[in-house]
Amino acid sequence: MHCTMDDLLALRANEGSAWARRHLDECPACQTELEALYQRVARLKALPPLGPARDRWPAIRDAIVAERRRRVRRWSGVGLAAAAAVAGLIVLAPFRPRQVDAAELARAKQQSATLEEELQRYDPTGRVMSGRSAALVAELEDRIAVIDGELARVGGSEAQLRHDELVKLWQDRVTLMQQLVDAHVTRVSYVGL
Amino acid sequence: MTISLAVPDILVARARAGDLEALEALYRAFETPVYNLARRMLRHPEEAEDVLQETFLEVVKSIRSYRGEGPLWAWIRKIAASKALMRIRREQLRGVELLDEETAPGSPVHKSLPARIDLERALERLTETSRSVVWLHDVEGYTHEEIAELMGKTVSFSKSQLARAHARLRRMLETEGAAP
């Protein structure tokens, strides 16, 4: 009885059974099979790399640009919603128990929406930037994403957070958005990070 | 195929910020290895090109989640392998994965194959699942555990697929004077 392919593969992976190891020592046929397996794998690794017949980058680039346009439209909608929310808060403010916080929250949301619009007008995705600027932008976007995640988590039930905590989140977002705009428009030196 | 693609951190940072030039540079750097992986796993070149495109769209979408824990190529390769395997699964669900040459009804391997067959053609005659396991394990260096996870199968499945694939490759290549 000779080694099966399972045995040979296990031997190759240094996981062969005691029987297979003993048998291999004594069986020239199985030694040849194992050597053939090694050679087959070596030949697989040496196969020349295959390249695509067509350049797919133009299609990928078009898809990226289309997705960005969709996102801009989505953000525009968010801006309008934020403006509506601000208007609502101003109207309702007199009836709310914490007028100061409500006004601050509305102001922070409005500032955030304004900065989003400013950033879109600047069209950051269409510009080339230095590596340092890119790293800073990525970091700022990450930090904004964290805040957005937290805001999305509380969602419609903002009551889960204390009002002052919610205001703080939105104010932090405004600060980061301002830095992001600065990073795009006036470059790293003004951001102060 | 051994890949050692070192990509400058600065390029990755620019790509993460959405810089189109940097994204294109990444695409150019990984275009061939991604296509090659997909092509070795899938039977049709057009499908491999689709996987290439899907992979890079996923890279663009998710690159901000790449934290540099491992080589960028390993991260991209995993996306590409997943995309290719998803296609194979879809084909299997539709029941159209082609049979191995030797298991196709009425076409015993020694009758249908030319006297000599090179490794490249022998590989192409395996099922997409078998060749994927062979390629991922023997060439890309994935462990059976990693392959099992990618395929949503067991480690035993991966091991038995590899053994059967090698047995078939051996038989297909076993002709007079043919290399092993």
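Guide: Helices first, then. Chain A has seven helices and zero strands, where helices (H or I, at least four residues) and strands (E, at least two) are DSSP runs numbered from the N terminus. This is a predicted model, in which local features need pLDDT of at least 70, side-chain atom pairs count only at pLDDT 80 or more, and totals for chains, interfaces and linings use all residues, while side-chain values use heavy atoms, with hydrogens and water left out. Residues are numbered from 1 along each chain as its sequence is written, and chains are lettered from A and ligands numbered from 1 in the order in which they are written.

Visitor: What is the mean pLDDT of chain B?

Guide: pLDDT is the predictor's confidence in each residue, from 0 to 100. Chain A averages 79, with 75% of the residues scoring at least 70. In chain B, 82% of the residues reach 70 or more, and the mean pLDDT is 85.

Visitor: Over which residues of chain B does pLDDT stay under 50?

Guide: In chain A, the pLDDT is below 50 over residues 188-193, a stretch with eleven contacts in the model beyond near neighbours in sequence; contact means heavy atoms within 4.5 Å. The stretch of chain B under 50 has 15 contacts beyond four places in sequence, and it covers residues 101-113.

Visitor: What ipTM does the predictor give the complex?

Guide: Two scores are given for the complex. The pTM is 0.66, and the ipTM is 0.83.

Visitor: What percentage of the residues in chain B is buried?

Guide: Buried means under 20% relative accessible area, exposed over 50%, and partly exposed in between (1.4 Å probe, protein chains only). Of the 193 residues of chain A, 39% count as buried. Chain B has 180 residues, and its buried share is 53%.

Visitor: Where does H2(B) bend?

Guide: Helix H2 of chain B runs over residues 20-41 and reaches 29 Å from its first C-alpha to its last, close to the 32 Å expected at 1.5 Å a residue; the expected span is 1.5 Å times one less than the number of residues. The bend at a residue is the angle between axes fitted to the seven residues ending there and the seven starting there. In H2(B) that angle is about 50°, a proline, Pro33(B), follows within four residues, and the bend is at Phe30(B).

Visitor: Which residue makes a side-chain polar contact with Arg39(B)?

Guide: Arg39(B) lies in helix H2 of chain B and is buried, with a relative accessible area of 10%. Beyond four places in sequence, Arg39(B) is in contact with residues including Leu50(A), His44(B) and Arg131(B). A polar contact is a pair of N or O atoms within 3.5 Å; within protein, one must be able to donate a hydrogen and the other to accept it, and residues adjacent in sequence count only if both atoms are side-chain atoms. At 3.2 Å, the side-chain partner of Arg39(B) is Glu124(B).

Visitor: Is Asn14(A) buried or exposed?

Guide: Asn14(A) lies in the loop between helix H1 (5-12) and helix H2 (18-26) of chain A. Its phi is near 55°, a positive value in a residue other than glycine. The relative accessible area of Asn14(A) is 72%, so Asn14(A) is exposed.

Visitor: Why does Met151(B) count as buried?

Guide: Met151(B) is in helix H8 (residues 144-151) of chain B. Leaving out residues up to four places away, Met151(B) touches Leu85(B), Arg89(B), Thr129(B), Ser132(B), Val133(B) and Phe157(B). Met151(B) counts as buried because its relative accessible area is 7%.
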